[in-house]
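Please keep the sequence and the model in view while reading the points below.

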Amino acid sequence: MDDAVRDVAGDVRNEPTTAVAVALSWLGSGAVNWPLRVAAKALLAWRRHWLRLAAFAPAVLTSELLIEPVKPAYGRARPAA
(Lines give C-alpha, C1' and ligand atoms only; values in the text may rest on other atoms or scores of the structure.)
Protein backbone atom coordinates (compact mmCIF):
# COMPACT_ATOMS: atom_id res chain seq x y z
CA MET A 1 0.00 0.00 0.00
CA ASP A 2 2.86 2.42 0.76
CA ASP A 3 4.23 2.02 -2.74
CA ALA A 4 0.82 2.72 -4.27
CA VAL A 5 0.41 5.87 -2.18
CA ARG A 6 3.93 7.02 -3.11
CA ASP A 7 3.19 6.46 -6.81
CA VAL A 8 -0.07 8.43 -6.63
CA ALA A 9 1.65 11.23 -4.71
CA GLY A 10 4.33 11.39 -7.39
CA ASP A 11 1.69 11.58 -10.12
CA VAL A 12 -0.20 14.40 -8.37
CA ARG A 13 2.83 16.63 -7.89
CA ASN A 14 1.84 20.33 -7.87
CA GLU A 15 2.50 23.47 -5.83
CA PRO A 16 -0.14 23.00 -3.09
CA THR A 17 0.56 19.31 -2.46
CA THR A 18 4.30 19.92 -2.54
CA ALA A 19 3.91 22.72 0.02
CA VAL A 20 1.89 20.42 2.30
CA ALA A 21 4.45 17.63 1.93
CA VAL A 22 7.32 20.01 2.71
CA ALA A 23 5.47 21.36 5.77
CA LEU A 24 4.74 17.86 7.08
CA SER A 25 8.33 16.83 6.48
CA TRP A 26 9.52 19.88 8.44
CA LEU A 27 7.12 19.09 11.30
CA GLY A 28 8.65 15.64 11.57
CA SER A 29 12.22 16.91 11.39
CA GLY A 30 14.72 17.10 14.21
CA ALA A 31 14.42 20.90 14.17
CA VAL A 32 10.87 20.52 15.53
CA ASN A 33 11.04 17.10 17.15
CA TRP A 34 14.03 17.59 19.46
CA PRO A 35 12.90 20.88 21.03
CA LEU A 36 9.47 19.33 21.68
CA ARG A 37 11.10 16.31 23.32
CA VAL A 38 13.25 18.54 25.52
CA ALA A 39 10.22 20.66 26.42
CA ALA A 40 8.20 17.53 27.27
CA LYS A 41 10.99 16.23 29.51
CA ALA A 42 11.33 19.62 31.21
CA LEU A 43 7.57 19.84 31.78
CA LEU A 44 7.46 16.33 33.23
CA ALA A 45 10.36 17.14 35.55
CA TRP A 46 8.87 20.51 36.53
CA ARG A 47 5.55 18.87 37.39
CA ARG A 48 7.43 16.08 39.19
CA HIS A 49 5.94 13.32 37.07
CA TRP A 50 8.97 11.15 37.69
CA LEU A 51 7.43 7.86 36.57
CA ARG A 52 6.29 9.37 33.26
CA LEU A 53 9.69 10.97 32.76
CA ALA A 54 11.36 7.66 33.60
CA ALA A 55 9.28 6.02 30.83
CA PHE A 56 9.57 8.82 28.26
CA ALA A 57 13.35 9.36 28.41
CA PRO A 58 14.36 5.75 27.66
CA ALA A 59 11.65 5.50 24.98
CA VAL A 60 13.20 8.46 23.17
CA LEU A 61 16.69 7.05 23.58
CA THR A 62 15.68 3.58 22.39
CA SER A 63 13.88 4.93 19.34
CA GLU A 64 16.89 7.02 18.35
CA LEU A 65 19.27 4.10 18.80
CA LEU A 66 17.09 1.82 16.67
CA ILE A 67 15.93 4.14 13.88
CA GLU A 68 19.23 4.52 12.03
CA PRO A 69 20.24 0.84 12.00
CA VAL A 70 16.74 -0.29 11.00
CA LYS A 71 16.36 2.08 8.03
CA PRO A 72 19.15 0.56 5.92
CA ALA A 73 18.20 -2.95 7.05
CA TYR A 74 14.70 -2.40 5.68
CA GLY A 75 16.19 -1.27 2.36
CA ARG A 76 13.41 1.03 1.19
CA ALA A 77 14.42 3.62 -1.38
CA ARG A 78 13.92 7.29 -0.58
CA PRO A 79 11.33 9.13 -2.73
CA ALA A 80 12.68 11.16 -5.62
CA ALA A 81 13.25 14.83 -4.85
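Helices here are DSSP runs of H or I with at least four residues, numbered from the N terminus. By that numbering, asparagine 33 has its place in helix 3. The model is a predicted one. The structure holds 2 salt bridges, and a search of the whole of it finds 0 aromatic pairs.

- Arginine 37 belongs to helix 3.
- With a relative accessible area of 14%, arginine 37 is classed as buried, because buried means under 20%.
- The charged end of arginine 37 sits over the ring of tryptophan 34, at 4.7 Å from the centre of that ring.
- When residues up to four places away in sequence are not counted, arginine 37 touches Phe56, Val60, Ser63 and Glu64.

**Salt bridges**

- Side chains of opposite charge can pair when their charged atoms come close.
- Glutamate 64 and arginine 37 form a salt bridge in which the closest N and O atoms are 2.8 Å apart.
- Glutamate 64 lies in helix 4 and arginine 37 in helix 3, so this pair ties together parts that are 27 residues apart in sequence.
- Glutamate 68 and lysine 71 are separated by about one helical turn, because they are 3 residues apart in helix 4.
- Glutamate 68 is exposed, with a relative accessible area of 51%, while lysine 71 is partly exposed, with 48%.

**Lysine 41 in helix 3**

- Lysine 41 is located in helix 3, which covers residues 30–46.
- The relative accessible area of lysine 41 is 26%, which makes this residue partly exposed.
- Leaving out residues up to four places away in sequence, lysine 41 is in contact with Leu53, Phe56, Ala57 and Val60.
- From lysine 41 to alanine 4 the distance is 38 Å, C-alpha to C-alpha, and the two are 37 residues apart in sequence.

- Asparagine 33 is partly exposed, and its relative accessible area is 26%.
- The C-alpha atoms of asparagine 33 and threonine 18 are separated by 21 Å, the two residues being 15 residues apart along the chain.

**The loop between helix 3 and helix 4**

- Arginine 48 is placed in the loop between helix 3 and helix 4.
- Phi of arginine 48 is near 60 degrees, a positive value in a residue other than glycine.
- Arginine 48 is exposed, with a relative accessible area of 63%.

- Helix 4 covers residues 50–74, and leucine 61 is found in it.
- Leu61 contributes to a nonpolar surface patch of about 570 Å², together with Leu65, Leu66, Val70 and Tyr74.

**Aspartate 7 in helix 1**

- Helix 1 covers residues 2–11, and aspartate 7 lies within it.
- Aspartate 7 is partly exposed, with 43% relative accessible area.
- Aspartate 7 and glycine 28 are 21 residues apart along the chain, and their C-alpha atoms are separated by 21 Å.

Notes. Residues are numbered from 1 along each chain as its sequence is written. This is a predicted model: local features need pLDDT of at least 70, side-chain atom pairs count only at pLDDT 80 or more; totals for chains, interfaces and linings use all residues. Side-chain values use heavy atoms; hydrogens and water are left out. Patches are made of residues with over 30% relative accessible area and no salt bridge: like charges are joined within 9 Å, nonpolar side chains (Val, Leu, Ile, Met, Phe, Trp, Tyr) within 5 Å. Accessible areas come from the Shrake-Rupley method with a 1.4 Å probe; for residues, only the protein chains shown count as cover. A salt bridge is a side-chain nitrogen of Lys or Arg within 4 Å of a carboxyl oxygen of Asp or Glu. Helices (H or I, at least four residues) and strands (E, at least two) are DSSP runs, numbered from the N terminus. Rings of Phe, Tyr and Trp (its six-membered ring) pair if their centres lie within 6.5 Å; planes under 30 degrees apart count as stacked, over 60 as edge-to-face and the rest as tilted. A charge sits over a ring if NZ of Lys or CZ of Arg is within 6 Å of the ring centre and within 35 degrees of the ring normal. Buried means under 20% relative accessible area, exposed over 50%, partly exposed in between (1.4 Å probe, protein chains only). Contact means heavy atoms within 4.5 Å.
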